[in-house]
Amino acid sequence: MGTRVYRAVGGVSLSVRPGECLGVIGESGSGKSVTALSVMGLVASPPGVITGGAVRFEGEDLIGAPYETLRRRRGDRVAYIFQDPLATLHPLYRIGDQLAEAIRAHHSISAGEARERAIRLLNDVRIPNAGARIDDYPHKLSGGMRQRVSIAMALANEPDVIIADEPTTALDVTVQAQILALLDDLRRDRGLAIIFITHDFGVVAQLCDRIAVMYAGRIVEEGPTAAVLEAPAHPYTRRLIDCVPELGQGKRRLEAIPGLPPMVDALPEGCAFAPRCTKAVPDCARGDIALERTGTRAVRCLMPEESA
Amino acid sequence: MPALNVDHLSKTVAQKKPLLRSAPPGVRAVQLMSFAVEKGETLGIVGESGCGKSTLARMLVGLLEPSAGHIEIAGRALNTADPAAFGRLIQYVFQDPISSLNPRKTIRQIMGAPLRHLYRMPAAERQTRIAEIFASVNLRDDFLDRYPHEFSGGQAHRIGIARALAASPEIIVLDEPVSALDVSVQAQVLNQLADLKRQFGLTYLFITHDLAVVEAVSDRIMVLYFGSVVEMGRAEQIFARPRHPYTRLLAESAPVVGRALKAPEQKGSELPDPLNPPPGCAFAGRCPLATDLCRREIPELRSMGDDQLAACHHLIPG
């Protein structure tokens with residue numbers, strides 16, 4: 001077995017303020033999940049190693065923080081919602097017990113109080129008949145309900161930051177709409193900061209204030225959602241928006257980006273999108289391209305799209 | 001003559017009989033579905049999880065036996081006695097491309113199976129045919145001697161499509177063909193499907209839960225709810241001018257750039273319980289227009305003119 005080192009994420013900088021929702025958009029393998037997991041040191045190590053950088057939560061650096069500190073922060077101040085609720089919930093424990101455990105891990109309250117709090121949480125995420133549902137096992141709930149339970153669990157300790165990794169991808173549209181509305185209410189009511197990872201522009205446009213677009217482990221564009229969607233500056237962002245069919249346009253041929261995203265072990269020199277880009281010039285494949293910031297927007301491209 | 005004709009198709013799944021009591025009534029996964037698909041048409045089938053879309057698809061390709069009703073393909077009744085005869089007419093592309101390919105066989109063996117079993121084609125002929133099919137889906141020949149795990153989702157998907165094409169069917173059932181793919185790859189696969197359809201004169205049944213995708217690829221769309229057809233109509237009309245409140249709910253729930261976020265539905269309303277189905281319209285419990293009539297009587301699918309059909313007592317004016 002040889003030792004190979006893959007750079008999954010390279011030099012990503014993100015920030016989110018209380019009450020703000022930041023959308024992270026990218027295709028599979030673009031490093032968006034690894035970025036999210038790195039925040040609380042959840043990347044399995046070995047093999048994953050954070051080779052540089054800092055994560056500051058209220059000014060305190062979490063990378064390299066002692067395990068106990070991270071453990072106290074995780075789930076209490078910074079909580080995660082994952083894509084697959086079946087994998088997050090333990091199949092052999094009742095959902096109420098799992099919720100109570102999440103609360104009691106961080107707060108010393110009695111089992112009875114924890115149970116009451118769990119019922120309130122299930123009500124908050126609009127699970128009908130929460131008092132009876134609390135004693136169900138995860139397999140008895142539908143996908144939408146299970147995802148609501150994992151959101152309830154993320155909210156259990158009233159965190160300041162929620163990192164949601166494709167929380168609605170596996171759900172039906174009507175359930176997705178309910179969950180998005182719920183997250184939106186929470187950030188407005190409680191000043192919750194949300195980092196929302198997705199590949200769906202529709203979802204981002206409805207929920208997020210700012211977005212960051214990732215490609216091959218780096219941020220290629222960043223800015224306020226409306227501005228980026230209206231006039232994308234990076235060719236990748238523009239092409240990606242064109243790929244996504246939008247409801248209400250009838251039968252048509254879709255725009256596609258030829259080629260495949262690069263493999264992390266074979267990143268090209270320079271801009272990783274250059275081999276698939278129609279505007280690529282020889283300079284694109286030479287050296288590092290910086291993330292140029294102008295005002296609220298930033299783009300990593302030598303030939304940015306003209307603003308219309 | 002339609003390519004596919006489905007008449008009063010139903011599937012009831014029996015429940016386990018308790019020791020001392022009689023067996024409870026079965027779960028009705030698909031209820032009295034009737035529709036026809038013309039040759040060369042793409043029929044989109046949408047609905048949320050549990051609405052019976054996969055059960056319907058499995059019955060169409062003969063993987064499940066219907067409890068009642070008839071399926072006719074190209075004028076002939078679906079006859080499970082000779083699977084090979086129907087394998088040549090209708091093929092299925094599975095949702096998960098990797099797990100639908102046998103991990104212990106090379107792509108060449110996988111591709112050869114339909115030719116060998118359905119057409120009894122000799123080995124030399126099989127190789128030329130496989131090469132032809134691979135060329136038409138833009139896959140390289142050197143993939144043929146590899147194993148399924150060596151491919152990305154998009155490539156495995158194309159192999160699944162190639163395998164379905166190998167049988168030279170008239171109809172291909174595509175079950176969530178792009179939901180596992182990235183958006184940039186999704187567009188490639190969808191465009192390729194459109195090209196293949198034109199090239200081979202295929203008829204598609206396109207099952208998905210993504211409304212924008214189904215609208216972009218279909219001629220007509222059928223909306224399912226709780227095992228029944230609630231609305232059917234032309235792709236460009238059905239979400240723009242829905243007549244059934246459920247179709248409207250779906251259209252309003254789809255995230256669209258530039259539309260403000262609001263919960264289109266109040267309170268956590270869930271699908272009706274299949275073990276204890278409501279007596280009237282299955283959607284009544286979630287419907288803002290529901291009246292007593294809806295809770296009592298199941299509405300029938302009626303024609304609205306303009307190729308649109310809907311099953312509702314209180315249609316939204318078109």
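This is a predicted model: local features need pLDDT of at least 70, side-chain atom pairs count only at pLDDT 80 or more; totals for chains, interfaces and linings use all residues.
## The contact between chains A and B

In this contact, 41 residues of chain A touch 42 residues of chain B. On the side of chain A that touches chain B, the elements that give two or more residues are H8, helix H9 (201–207) and helix H11 (235–243) of chain A. Of these, H8(A) gives the most, with 8 residues. By residue type, the side of chain A that touches chain B divides into 20 nonpolar, 11 polar and 10 charged residues.

## One helix pair across the contact

Two packed helices are described by the angle between their axes and by the distance between the axes.

Helix H8 (residues 173–190) of chain A packs with helix H9 (residues 245–253) of chain B at an angle of about 50°, and their axes are 8 Å apart. The crossing of H8(A) past H9(B) is left-handed.

Which residues meet where H8(A) and H9(B) pack? From H8(A) come Val173(A), Thr174(A), Gln176(A) and Ala177(A), and from H9(B) come Leu249(B), Leu250(B) and Ser253(B). The residues of this contact of H8(A) with H9(B) are 4 nonpolar, 3 polar and no charged.

## The sheet of 4 strands in chain B

Strands of a sheet pair through backbone hydrogen bonds, either parallel or antiparallel. In chain B, 4 strands form an open sheet in the order E2-E1-E4-E5, with antiparallel pairing. The edge strands are strand E2 (27–37) and strand E5 (76–77) of chain B, and each of them pairs on one side only.

At one end of this order, strand E4 (residues 68–73) of chain B pairs with E5(B) over 2 bridges, in the antiparallel sense. The bridge partner of Glu72(B) in E5(B) is Ala77(B). Helix H1 (residues 53–60) of chain B lies across strand E1 (4–13), E2 and E4 of chain B, and H1(B) runs at about 60° to E2(B).

## The sheet of 8 strands in chain B

Chain B also has an open sheet of 8 strands, in the order E6-E7-E8-E3-E9-E10-E12-E11, and its pairing is mixed. Strand E6 (90–93) and strand E11 (301–303) of chain B are at the edges; each has a single partner strand, so one side of each has no neighbour in the sheet. From one strand to the next, the twist averages 20°.

What joins E6(B) to strand E7 (residues 171–175) of chain B? The two strands run parallel and are joined by 4 bridges. Tyr92(B) stands opposite Val173(B) in E7(B).

Helix H9(B), the helix that packs with H8(A), lies across strand E9 (220–225) and strand E10 (228–234) of chain B. H9(B) runs at about 105° to E9(B).

## The domains of chain B

The domain assignment of chain B gives domain 1 (4–11 + 27–218) and domain 2 (242–254 + 272–318). Taken over C-alpha atoms, the centres of domain 1 and domain 2 of chain B are separated by 30 Å. Their contact takes 4 residues from domain 1 and 6 residues from domain 2 of chain B.

On the side of domain 1 that touches domain 2 of chain B, the elements that give two or more residues are E2 and helix H7 (211–217) of chain B. The residues of that side of domain 1 of chain B divide into 3 nonpolar, no polar and 1 charged.

Terms used: Residues are numbered from 1 along each chain as its sequence is written. Chains are lettered from A and ligands numbered from 1 in the order in which they are written. Axes are lines fitted to C-alpha atoms, for helices over the stretch in contact, and angles run from 0 to 180 degrees between N-to-C directions. A crossing is left-handed if the near helix is turned anticlockwise from the far one by less than a right angle, and right-handed if clockwise. Two residues are in contact if their C-beta atoms, placed from the backbone, lie within 7 Å. Ala, Val, Leu, Ile, Met, Phe, Trp, Tyr, Cys and Pro count as nonpolar, Asp, Glu, Lys and Arg as charged, and the others, Gly among them, as polar. Two strands pair if DSSP finds at least two bridges between them. Domain bounds come from an automatic or database domain assignment.
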